[in-house]
Structures are given as C-alpha cells and as structure tokens.
Amino acid sequence: MRIRKEPDETLMIWSDSPAETEELGKILGGILQPGDLFFLSGDLGSGKTLFVRGVTLGLASTEAATSPTFALIHRYEGKLPLYHLDLYRLSSAAELIPLDLEELCQEEAAMMIEWGEPAKEVLASTYMEVVFTRGEEEEQRVLTFHPEGERYRQINHLLGVELEKTATGK
Ligand SMILES: Nc1ncnc2c1ncn2[C@@H]1O[C@H](COP(=O)(O)OP(=O)(O)O)[C@@H](O)[C@H]1O
Ligand SMILES: [Mg+2]
C-alpha cells in the first residue's frame, strides 16, 4: 500500500492486491464511529464491495460483507452496526423512500453506499466520498478519499496515522 496526502486533505491510497484493499477496510473499521457515512464510487470490479468486506472484518461483524444480489440494503452486526447499500439495481429514486435512509442515519451505526448518487440528496451534507479506479497493474486499485466536513478530514488524518504504523511495523 502506498499513501499520499494531498494539500486539499484528500488521501490517495494505492492497493496492490485484493488482500491490501481488504486490509485497508479493516483498518478503517477500527476508526469508524456512529453516524459515519461513506459513498463508494467507481466501475464494477473496482473493489468497493471487497473494501466493505474489510470494514466488516474490522468491526468484528458476525458475517463478512458480500455483494447483495437482491436486497438494496444489508445490516451487519458488530462492534458498530454497519449498513451496506448497493444501489446499482435501483430503478428509480422512489424505491429509496421505503428504506427511510434519513431515519437509519440517526441510528448508532455507520453506513457505506455503493452507487449512491440517488441517495446523496436525501442524506447528510457531510460524508466521505471514496473514488475507486484501476491502476496500471491488473491487481492495482487507487482509492481516493475525499472528505466533506470536519469529521471526515479527521478520518483521513487517523487513517494516515494507522497506515504509517502498519508500514513501519509498529
Ligand atoms: N487491489 C485490488 N483491490 C480490490 N479488488 C481487486 C484488487 N485487485 C483485483 N481485485 C479484484 O477485483 C474485484 C473487485 O470486486 P468487487 O469488490 O466486488 O468490486 P465492486 O464492488 O467495485 O464492483 C474482485 O474480483 C477482486 O479480486
Ligand atoms: Mg460491489
């Protein structure tokens, strides 16, 4: 894993394997707090779900995240409950209404949303947007963490600290 902090407080992380992406999620899982909201964007196969799987490992969830095939939403129970949404199959924004996302956001839980553009308007104005892109190598992915709001700038800071510890073997 290679990490670069940008002057605008964006954090860029290069993952060189599926295991590294999972490990990154796991480390993030140790930092998450109730109310944290993440939007994950990027092409199919860019590693979003694998990253969420790592987060569930970090939260010591009773099951590890997988791609939801039918349900738009799944709740994982762990040190902190995690809502994982994949809105790829959403056909209209109206389908979001019964999920009552605003209500879920008030719960003592964290939330990660793949293909979340339609949910953005109804949710908080502060969040982390993580953009996943493919790198030069077959197994390389570049994750860019764009923080919106103080809490998310803090998460980037904490993530930087944790990753440096891992890199130096402390
Ligand atoms: N560095 C990497 N990080 C994450 N996934 C990777 C990486 N290299 C290869 N892959 C592969 O890419 C795929 C990512 O799948 P998935 O996490 O379901 O993507 P998404 O949810 O973005 O559609 C998996 O098959 C995984 O093995
Ligand atoms: Mg996915």
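Hi everyone. Helices here are DSSP runs of H or I of at least four residues, strands are runs of E of at least two, and both are numbered from the N terminus. With that in hand, Tyr152 sits in helix H5, residues 150-167.

A word on the source. This is a predicted model, where local features need pLDDT of at least 70, side-chain atom pairs count only at pLDDT 80 or more, and totals for chains, interfaces and linings use all residues. Residues are numbered from 1 along each chain as its sequence is written, while chains are lettered from A and ligands numbered from 1 in the order in which they are written.

Back to Tyr152: is it buried or exposed? Tyr152 has 20 C-beta neighbours inside 10 Å, so it counts as buried. The rule, with C-beta atoms placed from the backbone, is buried for 20 or more others within 10 Å, exposed for 12 or fewer, and partly exposed in between. Setting aside residues up to four places away in sequence, Tyr152 touches Thr126, Tyr127, Met128 and Pro147; contact means C-beta atoms, placed from the backbone, within 7 Å. From Tyr152 to Gly30 is 122 residues in sequence and 14 Å in space, C-alpha to C-alpha.

Now to Met12, which belongs to strand S2, residues 11-15. Met12 is partly exposed because 14 other C-beta atoms lie within 10 Å. Beyond its neighbours within four places in sequence, Met12 contacts Arg4, Glu6, Val142 and Thr144.

Next, a pair of helices. How do H1 and H2 cross? The axes of H1 (residues 18-29) and H2 (residues 48-58) come within 6 Å and cross at roughly 45°. Those axes are lines fitted to C-alpha atoms, for helices over the stretch in contact, with angles from 0 to 180 degrees between N-to-C directions. That makes H1 oblique to H2, since under 35 degrees is roughly parallel, over 145 roughly antiparallel, 65 to 115 roughly perpendicular and the rest oblique. Residues making this contact include Leu24 and Ile27 of H1 and Phe51 and Val55 of H2. By class, the contact residues are nine nonpolar, five polar and four charged. Here Ala, Val, Leu, Ile, Met, Phe, Trp, Tyr, Cys and Pro are nonpolar, Asp, Glu, Lys and Arg charged, and the others, Gly among them, polar.

Last stop, ligand 1. Around ligand 1 are 19 residues, the closest being Thr21, Gly47, Lys48, Thr49 and Leu50; near means a C-beta atom, placed from the backbone, within 6 Å. This shell has four nonpolar, ten polar and five charged residues, and H1 and H2 each supply at least two of its residues. Thanks, everyone!

Terms used:
Two residues are in contact if their C-beta atoms, placed from the backbone, lie within 7 Å.
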